[in-house]
Amino acid sequence: MKAKVGIMGVNLTIAETGGLVVGATDGNVDLGVSLPRVHVVCTGIEELLPRFEDLALFIRLLTPSATGKPIASYTSHFHGPRDEHGQLRIVLVDNGRSEIRASDAFHDSLNCIR
């Protein structure tokens, strides 16, 4: 309750709007965003969607591919820091994905939602 920084991974990031989306089976995601003044999110570069209109398809695919459930109980959407005194930091994780994308042999592996 007194944490100064909340750190979480996000499932999808939308380039067009700067939106961040987390699918979860409980409501605890909102605590990590609402309580600390500094919110740090980490996301893989392959989870970056170009347009907002792409979100609906990926939300429908996300939970069944991860847990086998038809849809997440909660999807939380964020578009900036919690208030004018808060900070939002976004960490884009490459971790070799750009190299894989350039590879003819492994390029298609990044198309897998899992």
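The largest cavity has a volume of about 30 Å³. The model is predicted.

User: How many cavities of 30 Å³ or more does a search of the whole structure find?

Analyst: The search of the whole structure finds 1 cavity of that kind.

User: What makes up the lining of the largest cavity?

Analyst: The lining consists of Val33, Pro36, Arg37, Val38, His39, Gly80, Pro81, Arg82 and Gln87. By class, these lining residues are 4 nonpolar, 3 polar and 2 charged.

User: Why is Gly counted as polar or nonpolar in such a division?

Analyst: Gly is counted as polar because the nonpolar class holds Ala, Val, Leu, Ile, Met, Phe, Trp, Tyr, Cys and Pro, the charged class holds Asp, Glu, Lys and Arg, and the others are polar.

User: Where is isoleucine 14 placed, and which residues is isoleucine 14 in contact with, leaving aside its neighbours within four places in sequence?

Analyst: Isoleucine 14 belongs to strand S2, residues 12-14. With those neighbours set aside, isoleucine 14 has contacts with Gly19, Val21, Leu48, Leu49, Arg51, Phe52 and Leu55. As for histidine 85, its C-alpha lies 24 Å from that of isoleucine 14, and the two residues are 71 apart in sequence.

User: What is the order of the strands in the open sheet, and is the pairing parallel or antiparallel?

Analyst: The open sheet is formed by 3 strands in the order S1-S4-S7, with parallel pairing. Strands S1 (5-9) and S7 (87-93) each have a single partner strand, so one side of each is left without a neighbour in the sheet and both stand at the edges. On average, neighbouring strands of this sheet are turned by 15 degrees against each other, direction ignored.

User: How do you know that strand S4 pairs with S7?

Analyst: Two strands pair if there are at least two bridges between them. Strand S4 (residues 38-44) is joined to S7 by 7 bridges, so the two count as paired. Within this pairing, valine 41 has isoleucine 90 in S7 as its bridge partner.

User: What makes the phi of asparagine 95 worth noting?

Analyst: Phi of asparagine 95 is near 50 degrees, a positive value in a residue other than glycine. Most residues other than glycine have a negative phi.

User: Where is asparagine 95 found, and why is asparagine 95 called buried or exposed?

Analyst: Asparagine 95 is in the loop between S7 and helix H3 (97-102). Its relative accessible area is 69%. Exposed means over 50%, so asparagine 95 is exposed.

Notes:
Residues numbered from 1 in each chain as written. Predicted model: local features only at pLDDT ≥ 70, side-chain atom pairs only at ≥ 80, totals over all residues. Heavy atoms only, no water. 1 Å grid on protein atoms, 1.4 Å probe; cavity = no way out; pocket = protein on both sides within 12 Å on 5 of 7 lines; lining within 4 Å. Points joined across faces, edges and corners; volume = space filled by probe spheres on them. Helix = DSSP H or I, 4+ residues; strand = E, 2+ residues; numbered from the N terminus. Contact = heavy atoms within 4.5 Å. Axes fitted to C-alpha atoms, helices over the stretch in contact; angles between N-to-C directions. Buried < 20%, exposed > 50% of the residue type's maximum accessible area, 1.4 Å probe, protein only.
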